[in-house]
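Please have the sequence and structure open as you read.

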Amino acid sequence: MTQPVSPPRDSTDQAPPAGQLPSWRTKVARADIRTLSLLGVLAALIAVGGITKPDEFLDTRNLQLVLTQASVIGVVTVGMTFVIMSGGIDLSVGAIVALSSVWATTVATQEYGFAGILFTAVLVGVACGLVNGLLIAYGGMVPFIATLAMLASARGLALQITDGATQIVTIDSVLDLGERDAYVLGIPSLVLVFAVVTVIGWLVLNRTTFGRRTVAVGGNAEAARLAGIDVRRQRLYLYLLSGLCCGIAAFLLIILSGSGQNTNGNLYELDAIAAAIIGGTLLSGGRGTIVGSVLGVLIFTTITNIFALNNLQSDVQQIAKGAIIVAAVLVQRRTASTT
Amino acid sequence: MAPEPPLLSMTGITKSFPGVRALDGVDLDVQAGEVHCLLGQNGAGKSTLIKVLAGAHQPDDGRLSWRGEQVTPRSPIAAMRLGIATIYQELDLVEHLSVAENVHLGHEPTAAGFVVRGKAAKSSTAVLLKRLGHPEIEPGRLVGELPAAQRQIVSMARALSHDVRLIVMDEPSAALDPEEVDNLFRIVGDLTADGVAVVYISHRLEEIRRIGDRVTVLKDGRAVAGGLPAKSTPTREIVALMTGRNVEYVFPERPATPRDAGAAPVLEVQGLAREGEFAPVDLSVRPGEIVGLAGLVGSGRSEILETIYGARKPTAGQVRVDGAVLRPGSVRAAVRAGLGLAPEERKAQALLMLESVTRNVSVSSMSRFARGGWIDRAAELGAARAATRELSLRPDNPSASVRTLSGGNQQKAVLARWLLRGCRVLLLDEPTRGVDVGARAELYAVIRRLADEGLAVLLVSSEVPEVLGLADRVLVMREGRVVHTAPARELDEHRVLDLVMEGATVASASPAADSPPTRTIGGPAAGKPAASNPVASNPVAGKPAAGERGPAS
């Protein structure tokens, strides 16, 4: 050891005993508290719905409707969660959904049938994501600006394609999927897609190198770069992923509405960001969970449903949503500072 | 003036940060109208002390009396109201505002709550600039358009726009070329003639001789000497005060003959340079060898390391690993070739603070535990555990959050990352910064052991004893160039400090002419010729070099 002649300095640098360190158990417990509180909010909402409109709200059809409505924005939110986890933002998701949905429902596309619609929706989403990704990762643009530009131009293009008209889908195999009784194992087809996207998203984020890189880039981009991670390529992939999710969501929306409209996906970006934030995703990146984001989506959709059943106008809904965002972030700040 | 109390008197100032006691009962007295110099090695506590004075840090203990009254500046604004202004090393000017706007920033002339644009501010700024000997700076110009030296003047004008009685200058000459330094000294002279006190921080002994009245030397957070006469205290005494350590470092024994003495170098750097940061450097490191780069902050050491690593793109030269040339400016190429960097700012540049030790260790080798992108977490955990155990990282819990680790163990996590990756050349930038004194010895032993196992290590440290104690071979750097190379056992701390502080003995003989054209891109010439170089006082390349890209940050 050293031979200090002067009085030894404070050894605050010393590691605390192992017993006080957060083990994986406490880490899980902490994550659970977050998830549990979200589940608690959801349960409370369901209770409110059940009490105010016992017959309508708890009806199986209604609950299936809530889940179906959650599916479209839910798929978008999974992609958004990845982007925010990496420290980025994607403001163009709603516009990409709109563009994908109208491109996939033009008369020309519909000639190719079911596959044509699905393929086009996904391809347009990925292409928009590619442009976003290239501008941000290799063009050095700030995500906010690049995706804002995409928002404007994709909406404009969607309007140009439709000229403001609603494009009705005439393909039966597509419309059938949107029917109320198009269930697989008792689950509406849209909800099934949402569930699959969620599971894949969770696995990718938690079990793959792609997920790790995403978290590393979001947590500390400079450290990730110096650790040998190709930060730019990762960013490109992330916006591609978000575009892909938008394409899938657009397809779900086509199934659901039996049409494509340039007004589709309006303000999805705000709903998706809000859901991710409520779910505990750090807007600065590096921390977040898919489960949290999905719960955030469910909470929002449930609120909308309950308010609609109680004949409350959308302005009240918006105010309530805003209040929930503020409350959720304040609660998270408190739990974060106490740990 | 004589019977008056000192303008400023700080007593027993103590300030701790997590893991470090930055100031440990420091006393400082400053008289009106004097130039009081603060000297000390990097990390001695100078910056913390002036931040306490400027109200940016609150001391944990100690008293501050200002013109006989006890005060505690709670914020920079409070300090400024007292009449204490600070000119930081990194100038805090807003580039997109004009000179006048910068000068009046925070105390803009207002009318009914609106900022008054136009003549009043500009004319008062012009008066200040004239007083500073730079009437040619237009108050209306954007600060971003000004060269470094003029920005410094603006910064000083800002200080003077308050009713200031004490100006703290943190290495004001670092970005200036010799003529501008002369002007700076003239200004300092004018200020003190007006009764303003100046606290002057510099690494250059020669400057302190020229303008200083008294010197206070800080070391390891204590004032080891206060109020020495600046002009007459022998250099040897000052250097001894700066270096004379109370805490003995314990270094692992280096092998009598370097292992693999005849082996071909793993890392070869040839003519590597970055314009404005460092002159062409040649160096090579063999397996099993530790090569140290000694020098002060700002001498270009970290930049060299990061350029070798590909984090910065060189403007000339090349890096070879095992004879193969690395793609310049590519971190990924460097990592693939077997380089690993433990950067200076561990938390900002190396660690994922929200993540566990395991994930921090495995981040550079993830693909090894993954099949088709799918991570085998058991294998990952096992490998991370093995790497951290080999370095005896505490606590022995790979799932612990890296944030909860001490500085020394965080550094071990970074080393474990490269150990796991199987890297062959380790670049260490200030490896013991923020590491407790007790934990340092252990870290030294780890570094030596890694070298003994065949790693080539390139070490950068501003702590001279660390370089001398740990390295086999030492390159001494000053202002972007290597001025001396020698085996570590042939050097001692005084010699190295002499070299890094511009050969103080030579410098004091001809102060005006000694500063070589510091930031030019000339050859990698040693410092010696500069002293006798008649061109040095008016270097051809000096003007654009120092003027344009001084504070590139």
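We begin in chain B, with an open sheet of six strands in the order β18-β21-β22-β15-β23-β24 and mixed pairing. Strands here are DSSP runs of E with at least two residues, helices are runs of H or I with at least four residues, and both are numbered from the N terminus; two strands pair if DSSP finds at least two bridges between them. The edges are held by β18 (339-342) and β24 (481-487) of chain B, each with a single partner strand, so one side of each has no neighbour in the sheet. On average, neighbouring strands of this sheet are turned by 15° against each other, direction ignored.

A word on the source: this is a predicted model, in which local features need pLDDT of at least 70 and side-chain atom pairs count only at pLDDT 80 or more, while totals for chains, interfaces and linings use all residues. Residues are numbered from 1 along each chain as its sequence is written, and chains are lettered from A and ligands numbered from 1 in the order in which they are written.

Chain B also has an open sheet of six strands in the order β6-β9-β10-β3-β11-β12, again with mixed pairing. At its edges stand β6 (84-87) and β12 (222-229) of chain B; each has a single partner strand, so one side of each is left without a neighbour in the sheet.

| Strand pair | Sense | Bridges |
|---|---|---|
| β15 (residues 290-294) and β23 (residues 473-478), chain B | parallel | four bridges |
| β11 (residues 214-219) and β12, chain B | antiparallel | five bridges |

B:Val291 stands opposite B:Arg473 in β23(B), and B:Arg214 stands opposite B:Pro229 in β12(B).

Helix α17 (residues 493-500) of chain B lies across β15, β23 and β24 of chain B, running at about 30° to β23(B). Angles run from 0 to 180 degrees between N-to-C directions, and axes are lines fitted to C-alpha atoms, for helices over the stretch in contact. Contact asks for C-beta atoms, placed from the backbone, within 7 Å.

Over in chain A, helix α4 (residues 93-103) and helix α12 (residues 231-257) pack at an angle of about 55°, with their axes 8 Å apart. α4(A) and α12(A) are therefore oblique to each other; angles under 35 degrees count as roughly parallel, over 145 as roughly antiparallel, 65 to 115 as roughly perpendicular and the rest as oblique.

How values were computed: Two residues are in contact if their C-beta atoms, placed from the backbone, lie within 7 Å.
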